[in-house]
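Subject: Structure for you to look at

Hello,

Here is the structure I said I would pass on. My notes on it follow below.

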Amino acid sequence: MPPKKKPRVSKVSANSAIEGKEKTPAAGGKRKAAAPDAKAGKVPEPSVSPVFTRWLMKSEPESRFENGVDVKFGIEDLKALPHKTGCWDGVRNYQARNFMRQMKVGQQAFFYHSNCKDPGIAGIMIIVKEAYVDHTQFDEKDVHYDASSTPDNPKWSMVDVQFQRMMKRFVPLRELKELHLQHRANGGPLRDVALFTRARLSVQPLTPEEFDFILSLEDKEPL
C-alpha cells in the first residue's frame, strides 16, 4: 500500500548518515564453495539475485479514506514537505518490502500516481535513507497497523525519499501499456517491465534500459 496522507517528515537529507539499515555481508566476504556436479565434474555457478538500482513507486494522489483517514499522497504532497523529503511508509507486501530493502542512497525512483482517474508517472525522486523499521506497523491508530508485528521482530520497513523534479510531461499508464504491448510483440525495452508483469506491486524494480526509455518519453510527443 502507498504511504498515508501525512507521513512523518524525515529529518535526513541526501548527505545524512544512514541509520537502522539491515546489515549485509561485506563485499569479498567468505562464501562456502558450491558442491561439484557429480555428473559433469564441474562446480555449478551460484544463483545470484538480480541487483536493481532504479525503481517505480506508487502512491494515490486522490483522496480515499480508510478507517476515517485520508490515505492521499501525491507528488505535490511530497514536494510540499520540509526539505521535500518524507518516509515511504505503509508498504504491506513482502515482495515490495524486499525491494525497498535493496534500495541505496542516491538511487532514483519514478513517482507513479495510482488508483486515480489518470494513473501514470508524475515525477522523479531519490532515495535519501535506506530501509529502516516502519513505525506505523506498531501504531494501533494508524491504518497500516499490524498486530502480528512486534518491536523485537518487526515485519515492515520503509525508506526516505526526496522530491527531485516533475517529469517534463506526465506519462500516462495508457501510453506505457501501448508501448509494452508493442515491445512484447516486436521487442523493446518495456517488453517485461514490472508495471505490467507485476502490476499489483506498489514498489517495483526497473532495469537501467527500462528507466532510461521511460525517461526519454518526456521529450517525445504523446502516442
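A residue is called exposed here when its relative accessible area is over 50%, and buried when that value is under 20%. Asn67 has a relative accessible area of 74%, so Asn67 counts as exposed. Please keep in mind that this is a predicted model.

Asn67 sits in the loop between β2 (65–66) and β3 (69–70). Its phi is near 50 degrees, which is positive in a residue other than glycine. His83 also has a positive phi, about 60 degrees, and is not a glycine. The loop that holds His83 runs between α1 (75–80) and β4. With a relative accessible area of 60%, His83 is exposed.

The sheet

The sheet is open and has six strands, in the order β4-β7-β6-β5-β1-β8, with mixed pairing. Its edges are β4 (85–88) and β8 (203–206); each has a single partner strand, so one side of each has no neighbour in the sheet. From one strand to the next, the twist averages 40 degrees. Strands of a sheet pair through backbone hydrogen bonds, in parallel or antiparallel fashion. β4 and β7 (residues 157–172) run antiparallel and are joined by four bridges. Thr85 is placed opposite Gln162 in β7.

Helix α2 packs on the sheet and touches β1 (54–59), β4, β6 (120–133), β7 and β8. The direction of α2 makes about 95 degrees with that of β7. Helix α3 (residues 173–186) lies across β5 (108–113), β6 and β7, at about 85 degrees to β7.

Arg97 belongs to helix α2 (residues 94–102). Is Arg97 buried or exposed? Its relative accessible area is 12%, so Arg97 is buried. Leaving out residues up to four places away in sequence, Arg97 touches Val91, Lys155, Trp156 and Ser157. The side chains of Arg97 and Asn98 are joined by a polar contact of 2.8 Å. Between Arg97 and Ala131 the C-alpha distance is 9.0 Å, with 34 residues separating them in sequence.

Gln107 is in the loop between α2 and β5. Its relative accessibility is 11%, so Gln107 is buried. A polar atom of the Gln107 side chain lies 3.1 Å from the backbone nitrogen of Lys104. Beyond four places in sequence, the contacts of Gln107 are Phe52, Thr53, Trp55, Gln102, Met125, Ile126 and Ile127.

Helix α3

α3 has 14 residues and spans 20 Å from its first C-alpha to its last, close to the 20 Å expected at 1.5 Å a residue. Which residues of α3 are buried? They are Glu175, Leu176, Leu179, His180 and His183. These cover an arc of only 135 degrees around the axis, so they are on the same side of α3. An α-helix has 3.6 residues a turn, so residues three or four places apart point the same way. The buried residues of α3 are covered by elements that include β6, β7, α4 (194–197) and α5 (208–216). On the face turned away from the buried side are the exposed residues Arg174, Arg184 and Ala185. Gly187 follows α3 and has a positive phi, near 90 degrees.

Regards

Technical notes. Residues are numbered from 1 along each chain as its sequence is written. This is a predicted model: local features need pLDDT of at least 70, side-chain atom pairs count only at pLDDT 80 or more; totals for chains, interfaces and linings use all residues. Side-chain values use heavy atoms; hydrogens and water are left out. Helices (H or I, at least four residues) and strands (E, at least two) are DSSP runs, numbered from the N terminus. Buried means under 20% relative accessible area, exposed over 50%, partly exposed in between (1.4 Å probe, protein chains only). Contact means heavy atoms within 4.5 Å. A polar contact is a pair of N or O atoms within 3.5 Å; within protein, one must be able to donate a hydrogen and the other to accept it, and residues adjacent in sequence count only if both atoms are side-chain atoms. Two strands pair if DSSP finds at least two bridges between them. Axes are lines fitted to C-alpha atoms, for helices over the stretch in contact, and angles run from 0 to 180 degrees between N-to-C directions. The expected span of a helix is 1.5 Å times one less than its number of residues. The arc is that of the directions from the helix axis to the C-beta atoms.
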